[in-house]
Amino acid sequence: KVFGNSYLLLSSDVNDNVPFFTSSIYEASVTEGAESGTLVFQVSANDLDLGLNGKISYSLLEDRSGDHQYFRIDSEMGFIYSQAVFDRETKSSYLLEVQSVDGWESARPGKHGQPNSGNLD
């Protein structure tokens, strides 16, 4: 008799891709005097990994200008909303830096224990 073993091999995705923004620069405008909570725009990033490895969350990074404090971001969808009523005569432009982070520990060298991330500034 010949006996044999059967094996089932499953391949799983490793977190080896960094989320990348679909555009390097976004420009938007808000009407002067618009209510706090007004939708300003949406950022979008892609990650080629599967499952949790490719789940992206967004955050606004703090900056020296303090512009980030006038906005909030939906961490799952990338929608950016105002948190103030803007007056063009007081300040006419704002600059934000957005970070995208994927959902799991990175498999990339030098990133052990950290998720992959990408910045948009």
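This is a predicted model: local features need pLDDT of at least 70, side-chain atom pairs count only at pLDDT 80 or more; totals for chains, interfaces and linings use all residues.

Colleague: Which residue stands opposite R72 in β6?

Modeller: That is Y81.

Colleague: How many bridges join β5 to β6, and in which sense do they run?

Modeller: Three bridges join the two strands, which run antiparallel, with β6 covering residues 79-82.

Colleague: What lies between β5 and β6?

Modeller: The two strands form a hairpin, with five residues between them. In the turn, G78 has a positive phi of about 80°.

Colleague: Turning to β2, how does it pair with β6?

Modeller: β2 and β6 pair over three bridges in the antiparallel sense. Within this pairing, Y81 in β6 is the bridge partner of L39.

Colleague: What is the strand order of the sheet?

Modeller: The order is β2-β6-β5, in an open sheet of three strands with antiparallel pairing.

Colleague: Why is one side of β2 and of β5 left without a neighbour in the sheet?

Modeller: β2 (39-42) and β5 (71-73) stand at the edges and have a single partner strand each, so one side of each lacks a neighbour in the sheet.

Colleague: What does the twist average from one strand to the next?

Modeller: The twist averages 25° from one strand to the next.

How values were computed: Residues are numbered from 1 along each chain as its sequence is written. Side-chain values use heavy atoms; hydrogens and water are left out. Two strands pair if DSSP finds at least two bridges between them. Helices (H or I, at least four residues) and strands (E, at least two) are DSSP runs, numbered from the N terminus. Axes are lines fitted to C-alpha atoms, for helices over the stretch in contact, and angles run from 0 to 180 degrees between N-to-C directions.
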